[in-house]
Amino acid sequence: MQQVVNGLFLGSIYALFALGYTLVFGVLDILNLAHQAVFMLCAFTALALVGTLHLHTLVALPIAIVAAGLVGVLLERAAFRPLRGRSDSNISGLISSLAAATIFEALALAAWGPGQFRFPFGSVPDRRLQLGGAIVSEVQAVIIGISVAMMLALTWLLRRTRLGRHIRAVAESPLAARILGVNVDRVIAASFFISSALGGAAGVLFGLAFNDVSADMGRSVELKGLAVIILGGMGSMPGAVLAGYGLGIIEVFTVAKLGSSWRDGVSFAVLFLVLLLRPRGLLGQAATRLA
Amino acid sequence: MEALLEWWLTYQSAVAFIGVNALLALSVYATLSCGQLSLANAGFMAIGGYAGALLTLHTELPFALVLAAAAALPAVVAVPLGLPVLRLRGVFLAIATIGWGEVVRLALVNWDYTNGALGLVAIPQRAGPGVIYLCLALALFVFWRLRGSRAGQALEAIREDEPAARTLGIDTTAYKLAMFAFGAGLAGLAGGLEAHLTFMVAPSGYGFSRVVDMLVQAVVGGIAHFGGPVLGAAFLTLLPEALREVSRVTGMEPGPLRLLANGLVLLLVILFLPNGIVSLPQRVREWREERRAARALVG
Amino acid sequence: MLLSVEGVSRAFGGVKAVEGASFAVAAGEVHGLIGPNGAGKTTLLNLVSGLLRPTAGTIQLDGVRCDGLAPHRIAALGVTRTFQNIRLFPQLSALENVLVGEHLRRRAPLWRRMVFLPSAAREERAARARALELLDRVGLADRAAEKAGFLSYGEQRRVEIARALGSEPRVLLLDEPTAGMNPAEVDSVARLIAEVARLGHSVLLVEHNVPLVTKACHRITVLDFGRVIADGAPAEVMRNPAVVDAYLGTRR
């Protein structure tokens with residue numbers, strides 16, 4: 001039971017991160033490898049807000065997330081929009097996102113250095129609760145809560161709002177959407193905002209959960225994120241959530257049974273198995289669709 | 001003559017590293033030239049580096065054989081890996097190969113025989129600019145003869161439009177696999193050379209950032225011609241030297257500065273000069289043509 | 001019969017693009033494949049050239065089953081094609097495109113080039129000469145060095161045909177080769193097709209230009225909704241009420 005809780009908590013973070021990844025892929029058909037850098041930058045932003053500006057964690061959280069969203073919009077404008085229309089746009093987009101990720105990482109290293117940072121004492125709640133047969137820390141509960149809340153908000157956005165409908169339209173066919181009067185440019189910018197906000201949120205929550213923020217934290221999560229979206233199906237939001245929680249639970253149980261050196265190995269095993277046996281994942285389709 | 005010797009002593013290691021990086025950039029170019037974005041070569045480089053180090057430390061094999069093994073082992077491993085993986089298209093192939101690189105790195109971190117994360121040290125320095133550039137020359141020779149040949153044209157066709165190439169009788173799987181293995185061999189060779197140049201091998205030297213470096217050098221140099229990656233390697237290996245002044249002025253640490261420069265250069269190239277530095281003369285020519293044509297219209 | 005298609009079906013999910021199609025092409029024959037838009041003509045070409053697998057039925061080339069074979073194997077058996085939306089290699093020159101078309105015909109082991117054997121250079125010169133000759137036959141010898149992406153639409157179509165002829169195929173599949181062409185260009189393509197047939201290649205011609213098809217083809221197969229609704233000599237097929245129906249669109 002304890003492991004299930006741990007798995008759910010880890011899975012929440014993976015799911016949030018993967019949702020951002022898969023949203024951009026669904027809309028633009030591009031793998032945004034700078035996503036993990038935004039993940040990392042947002043964690044640092046929150047750290048700076050709490051540590052240097054002494055804001056309360058719950059206040060810093062939304063500020064950092066919005067900042068991450070804005071970085072996403074900037075990223076789209078600078079690194080992806082100029083490539084739209086090129087015949088090799090998915091590969092050049094990938095390379096462009098790699099360049100952006102490198103730049104972000106360099107900036108973080110320049111600003112904060114290569115060390116590992118902790119949130120100041122007292123800014124992270126550390127009470128423990130008893131739930132069923134498991135001990136859940138307050139942090140874990142809050143993280144699960146925030147993640148689920150964000151996922152629900154996202155679902156509402158995509159299903160019930162005009163923007164959501166436009167996003168789904170552009171994901172299916174940018175040309176058709178444009179003909180129908182959708183402002184494709186703004187929709188794409190909005191998608192990047194949402195995607196980076198999700199990724200950034202995952203980053204802050206990750207940093208809070210493990211009380212460890214460093215310039216290379218995005219790297220470890222990047223591959224897990226890839227495994228999740230491949231498992232869930234590229235472009236499928238429900239798939240990302242399902243696979244995120246799935247991988248979280250699988251990882252926790254693997255570490256419990258086989259030891260921590262296998263922690264990362266699980267993601268690769270999942271990744272390769274899915275790519276070799278069923279590349280479109282659990283819920284993906286040949287043509288990418290959203291929600 | 002004195003000055004030349006002095007210059008050589010100062011820049012010898014830079015020259016050697018340019019050679020190694022050129023081989024690595026060429027290894028990425030090998031698969032890019034037929035349209036496959038494979039990010040697996042850090043893993044293959046690790047295999048070659050460790051194989052070379054182990055052979056030198058535990059056997060009496062002559063260096064030439066050590067290098068041959070460092071190149072051959074990854075190439076052999078690449079074949080069963082490539083068969084399933086090359087069936088994946090574009091983005092999926094990139095992801096799978098990133099995964100492979102990490103698998104190798106993790107395996108090495110957990111391998112006690114080679115001291116896990118610490119790696120192997122005290123490898124005698126058997127590699128110098130001479131050997132390195134000999135290997136580079138051989139690699140460039142192969143690429144040179146490949147260009148314009150039936151096989152070379154088949155590779156270009158695969159890059160341009162793989163299904164159409166298949167309908168013309170080109171066994172695209174075989175060709176892609178061959179270049180995948182060739183790239184793996186080049187990366188392994190580079191790994192073996194570097195191990196004997198820097199005295200050590202460790203998993204941390206073969207992470208994802210390594211393969212990004214290789215990709216950056218290949219793309220920045222230009223992937224339309226095999227000279228591009230060499231140019232890119234030279235440019236980006238020498239960049240930190242040029243940046244020393246910038247580092248002093250801005251107060252930014254050289255490490256992050258180099259990373260920032262790499263990222264900026266790659267971004268600028270992919271946005272404005274997608275065919276790399278190598279294509280600069282051609283682009284300038286085309287730009288001049290456009291200006292002339294526009295002026296003719298107006299005038 | 002050189003190429004025989006028997007009972008071939010292909011479904012995409014629930015949609016039957018081609019259903020139970022059967023027809024045959026003899027050696028040296030120009031065989032037309034016509035039908036309204038969406039009738040399944042291009043799907044049939046994709047099935048014959050191996051880019052798609054039939055969900056039922058067989059395709060045979062000279063008695064050898066080729067359905068289910070990889071496209072490059074089918075090409076090696078002697079079937080090449082052009083594409084509806086022209087798939088030349090844009091960064092390669094017209095000549096290089098045709099050279100790639102000769103891939104199957106060339107014997108050029110790489111090691112010979114590595115050691116600079118004169119036979120390698122000779123083979124290359126011969127291949128280039130043949131490619132130039134093919135370009136000449138489609139009237140584009142003077143554009144040989146031009147990058148394929150910069151050629152005009154009509155020129156690109158002709159280069160694509162030249163490329164498909166590079167391997168001396170037994171059956172040449174042409175997918176709407178005259179789409180978007182003016183009457184003079186259509187005429188020259190018609191003459192080219194006739195010459196190709198005279199030289200012994202069979203041609204399977206998918207076209208919308210009905211007058212061209214009636215003039216150029218020995219036999220015609222008509223498709224509608226994925227099914228064969230008529231098959232025979234042009235004159236009788238064109239008089240067939242079902243064919244007239246399909247085209248004049250009582251249903252569409």
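Student: What should be kept in mind about numbering and confidence?

Tutor: Residues are numbered from 1 along each chain as its sequence is written, and chains are lettered from A in the order in which they are written. Because this is a predicted model, local features need pLDDT of at least 70 and side-chain atom pairs count only at pLDDT 80 or more, while totals for chains, interfaces and linings use all residues.

Student: What makes the size of chain C agree with that of a compact globule?

Tutor: The radius of gyration is taken over C-alpha atoms, and the globule rule is 2.2 Å times the number of residues to the power 0.38. With 252 residues the rule gives a radius near 18 Å, and chain C has 19 Å, which agrees. Along its principal axes, the C-alpha trace of chain C spans about 65 × 40 × 30 Å.

Student: How many of the residues in chain C are called buried, and by what criterion?

Tutor: A residue is buried if 20 or more other C-beta atoms, placed from the backbone, lie within 10 Å of its own, and 46% of the 252 residues in chain C are buried.

Student: Why are S2 and S5 of chain C said to stand at the edges of the sheet?

Tutor: Helices (H or I, at least four residues) and strands (E, at least two) are DSSP runs numbered from the N terminus, and two strands pair if DSSP finds at least two bridges between them. The open sheet has 4 strands in the order S2-S1-S4-S5 (chain C), with antiparallel pairing. Strand S2 (15-25) and strand S5 (64-65) of chain C each have a single partner strand, so one side of each is left without a neighbour in the sheet.

Student: How do you know that S1 and S2 of chain C pair?

Tutor: Strand S1 (residues 3-12) of chain C and S2(C) are joined in the antiparallel sense over 7 bridges, and the criterion asks for at least two. Within this pairing, Val5(C) stands opposite Phe23(C) in S2(C).

Student: What makes chains C and B neighbours, and which kinds of residue does chain C bring?

Tutor: Two residues are in contact if their C-beta atoms, placed from the backbone, lie within 7 Å, and by that criterion 26 residues of chain C are in contact with 18 residues of chain B. The side of chain C that touches chain B divides into 14 nonpolar, 7 polar and 5 charged residues, where Ala, Val, Leu, Ile, Met, Phe, Trp, Tyr, Cys and Pro count as nonpolar, Asp, Glu, Lys and Arg as charged, and the others, Gly among them, as polar.

Methods:
Buried ≥ 20, exposed ≤ 12 C-beta atoms within 10 Å, placed from the backbone.
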